[in-house]
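Q: Could we go through this model together? I would like to take a few places in turn.

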Amino acid sequence: MKLDKKEILKALETISVSGEGQNMIESGVVKNVNIFGDEVEVDLTLATPAMHIKKRAEVDVMKAIHEHVYEKAKVKVNVKVDAPQKKAPEIKGKPITGIKNIVAVASGKGGVGKSTVTANLAVTLSKMGFKVGLLDADIYGPSATIMFDVERERPLSVTVDGKSKMKPVENYGVKILSIGFFTKPSQAVIWRGPMAAKALNQMIFDADWGELDFLLIDLPPGTGDIHLSIMQSLPITGSVIVSTPQNVALADAKKGVAMFQQESINVPVLGIIENMAYFTPAELPENKYYIFGEKGARNLAEDIEIPFLGELPLVQSIREAGDIGRPAALQNDTPIANAMEEITKNVVQETVRRNENIPPTEAIKITTMAGCSAVKK
């Protein structure tokens, strides 16, 4: 028996894909019908990859043709899936006028020297000629006020475009805001997430940061509510991970990288810094003792394919400098200052590379290294 294509199409009008209101012809699911005597081949294109939907559509087509056209017809159904690509909702954040690059400094684990690295990174960027701000987002353990010797300072209130704004405290060429300015040194910050997020938003958007090449954000340890609040509030240009070499710290550093690389967050990871890489006693400057393990962060960077930004030794003067409020990077031609300068150059270069190769989250930023003292040296 020779089958009639019109009858086949009419039969297919009696069925629909599960979950859709229109029949298969109206919805455009049927793409083609070929007839060869008593054989019929039907091409379907579905918008869902679900196996039970595909199987149900195949069975329904066969059944409709057998019931409404010819019960002995040889039916072949080809099912193709053309599901629309669902783009994960990216956390974009709201840009701040005048700020070109926002770099989050994070660590999966506490006690790895993240705040010390952030402070020295900020100072080194300033020494290189960049305009720098530092937001101390470690709500429960703020330390920027101590490291920059501004514990007794308080942000002033200024009027900008008719609105009252906080003017960040400035020292060593770095503009600083921290919850430490608004609490007593002995006062514990016991806040739930929403209250902490509100305080952060005020320091971000109710501040007169002015023109900045870099705003560094010192995030608290771990991966949690504060991190999400920051990334929901701001379009982060990139993130820097700080870790010590031992496995316990590296395991958490890997989680920190994974947080930024999640599809729903999608913040580029500029690289990883290894802090406390080795210990060199002052009386034996040529000796290196790998107290926490050797090259752990460097090896992790290679394994997960992110840049290795450099290493900082475990030196007593770094701690002493931080405690008296004068970051070690302010020194000239010392092993610490030189190591920090190399790391900072790498951060700048990775930021440039990120801005050249990845669509910006806000107006671009640093687009060339020309004229940058970080490159001249």
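Q: Where does N355 lie?
A: N355 is in helix 10; helices here are DSSP runs of H or I with at least four residues, strands are runs of E with at least two, and both are numbered from the N terminus. The model is a predicted one, in which local features need pLDDT of at least 70 and side-chain atom pairs count only at pLDDT 80 or more, while totals for chains, interfaces and linings use all residues. Residues are numbered from 1 along each chain as its sequence is written, and side-chain values use heavy atoms, with hydrogens and water left out.

Q: Is N355 buried or exposed?
A: N355 is buried, at a relative accessible area of 8%. Buried means under 20% relative accessible area, exposed means over 50%, and partly exposed is in between, with a 1.4 Å probe and protein chains only.

Q: How far apart are N355 and N101?
A: In space they are 9.4 Å apart, C-alpha to C-alpha, and in sequence 254 residues apart.

Q: And T344, what is it in contact with?
A: T344 is also found in helix 10 and is buried, with a relative accessible area of 0%. Leaving aside neighbours within four places in sequence, T344 is in contact (heavy atoms within 4.5 Å) with L121, T124, L125 and M128.

Q: Turning to helix 9, which residues are buried there?
A: In helix 9, residues 316-323, the buried ones are I318, A321 and G322. Seen down the axis of helix 9, they fall within an arc of 100 degrees, so they line one face of the helix; the arc is that of the directions from the helix axis to the C-beta atoms.

Q: What covers them?
A: The cover includes helix 3 (114-127), helix 4 (144-147) and helix 10 (335-357).

Q: New topic: at what angle do helix 7 and helix 8 cross?
A: The axes of helix 7 (residues 247-261) and helix 8 (residues 296-304) cross at roughly 40 degrees and come within 11 Å. Axes are lines fitted to C-alpha atoms, for helices over the stretch in contact, and angles run from 0 to 180 degrees between N-to-C directions.

Q: Which residues make that contact?
A: Helix 7 contributes L250, A253, K254 and V257, and helix 8 contributes G296, A297, L300 and I304.

Q: Finally, how much of the chain is buried?
A: Buried residues make up 48% of the 377 residues.
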